[in-house]
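This briefing goes through selected local features of one model, grouped by topic. Please read it alongside the sequence and the coordinates.

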Amino acid sequence: MLVTNKTGDARIGHCRICNAQIAPFMSFGRMPIANGFLKPDEIESEYFFELAPAFCDACGMFQLIEQPQPEKMFHQQYAFYSSTSRYMQRHFEAFAHAVINGPLAGRADPFVVELGSNDGIMLQHFQRCGLRHLGVEPSANVADMARNRGISTVTTFFNSKLAADISAEHGSADAILAANVMCHIPDLPGVAAGVQRLLKSDGIFVFEDPYLGDMIAKTSYDQIYDEHVFIFSATSVRRAFAPFGLELVDVAPQVTHGGSMRYTLAPKGSRKASESVDQQLTKEAVLGLDRAETYLKFKTNCESSRIGLTQTLERLRGQGKRIVGYGATSKSTTVINYCKITPEQIEFISDTTPIKQGRLSPGAHIPVRPYGEFLERYPDYALLFAWNHAAEIREKETGFVAAGGRWIVYVPEIAIVS
Ligand SMILES: [Zn+2]
């Protein structure tokens, strides 16, 4: 979730991190809010912006040129509750225990702060261990859920001022954590200043987000949508936090969200960097993440992916096949709108989230229907929008394949699989 209220929502011509001049290397075109599943009477007022990423030559940060106002993306009805996914529950339990048994081990009365703590999916593990904790969560509905479960949470945005207030009330933090939050924050330097202010001189800042290296390697361009104003690499993270006296001391790849990276930062000179940092920086140089031509190649790969998917859908439609989308994900909005997928090609999108059912997909207005309708009458093909959960889904949907159904996937390439 977004954790700052200072935004760069207008189209920018300068890097959000280092202020060097930047320009988009491609455009995905006119794009609606990725999570903006709408009712039929909301079509007229639907909001669009241009989804165009840029790469900063000077600091290596991959970023969006334009991001909608935060109130257009995050609001009271914010549909994403972290704890609804059992898989993510296990992931955050492991994340919490890695911190408790690692850097916090042996510390007297440690204090942990999580930025964008959602419904408390991660902090609950600190609470259960009796550790002092505080969540910072600007979305009121999910923050209320956390408080109802006994997890200390403040409903506000994180910045340097709040960091000073927290510090005055609770003392400095031994650990500051964030998961799938930092990449949402346009004013990253403002949050970095807050982290610097709140963290103990021997504290750690650990965050994880979708990883640029995976996106480039897999052409998983659906990571690019309004909420993800940045897609990080070890190279860009190291450079972005250095001006705030924070040093990258560890990196650890994660399988979540189709490929993520966990970054650990610490006040400069306070702890020795693990070998993983240099190894990752070398890998990124080999992959060309620090070079502009890599992104031109990525652009070409996105275009090939779009052509391949469009042709596949048209071919199957020409054969009279029924195609249904599987998973009304935020990621799917970029794919559907960039590839100009229509309700004629995809009958509906099946999703288990009640708040999305009966609504229309952003931009293309493909109906979202309950998962039961997928089960009741299997389509010939299911377009797997939730590809990052492919293993779990294919295990669950053996009945669909047994009935002759096939999956259409587009990451890392277009394929029809059983
Ligand atoms: Zn820059």
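Cysteine 18 is partly exposed, since its relative accessible area is 34%, whereas cysteine 59 counts as buried because its relative accessibility is 6%, under the 20% limit. Both values come from a predicted model.

**Zinc site**

- The zinc ion is coordinated at 2.3 Å by the SG atoms of Cys15, Cys18, Cys56 and Cys59, and these donors follow the spacing C-x2-C-x37-C-x2-C along the chain.
- Cysteine 18, in the segment before strand 1 (30-32), and cysteine 59, in the loop between strand 3 (53-55) and strand 4 (62-64), are 41 residues apart, so that the pair links distant parts of the chain.
- The arrangement around the zinc ion is tetrahedral, because the four donor atoms subtend angles of 102 to 115 degrees.

**Strand 5 and its neighbours**

- Strand 5 (residues 111-115) has five of its five residues buried, with Phe111, Val113 and Leu115 on one side and Val112 and Glu114 on the other.
- Strand 5 pairs with strand 6 (residues 132-136) in the parallel sense over five bridges, where leucine 115 has valine 136 as its bridge partner.
- Strand 5 also runs parallel to strand 8 (residues 173-179), to which four bridges join it, and valine 113 stands opposite isoleucine 176 in strand 8.
- Together with helix 3 (residues 123-128), strands 5 and 6 make a right-handed β-α-β unit.

**Helix 10**

- Helix 10 (residues 292-318) has 27 residues and reaches 40 Å from its first C-alpha to its last, close to the expected 39 Å.
- Buried residues of helix 10 include Thr294, Phe298, Cys302, Ser305 and Leu309, and the helix is followed by glycine 320, whose phi is positive, near 75 degrees.

Definitions and conventions. Residues numbered from 1 in each chain as written. Predicted model: local features only at pLDDT ≥ 70, side-chain atom pairs only at ≥ 80, totals over all residues. Heavy atoms only, no water. Donors = N, O, S within 2.8 Å, 3.2 Å for Na, K, Ca; no water. Tetrahedral: all angles 85-135°; square planar, octahedral: opposite > 155°, others 65-115°. Helix = DSSP H or I, 4+ residues; strand = E, 2+ residues; numbered from the N terminus. Buried < 20%, exposed > 50% of the residue type's maximum accessible area, 1.4 Å probe, protein only. Expected span 1.5 Å × (residues − 1). Pairing = 2+ DSSP bridges. Right-handed = clockwise from strand over helix to strand, strands pointing away.
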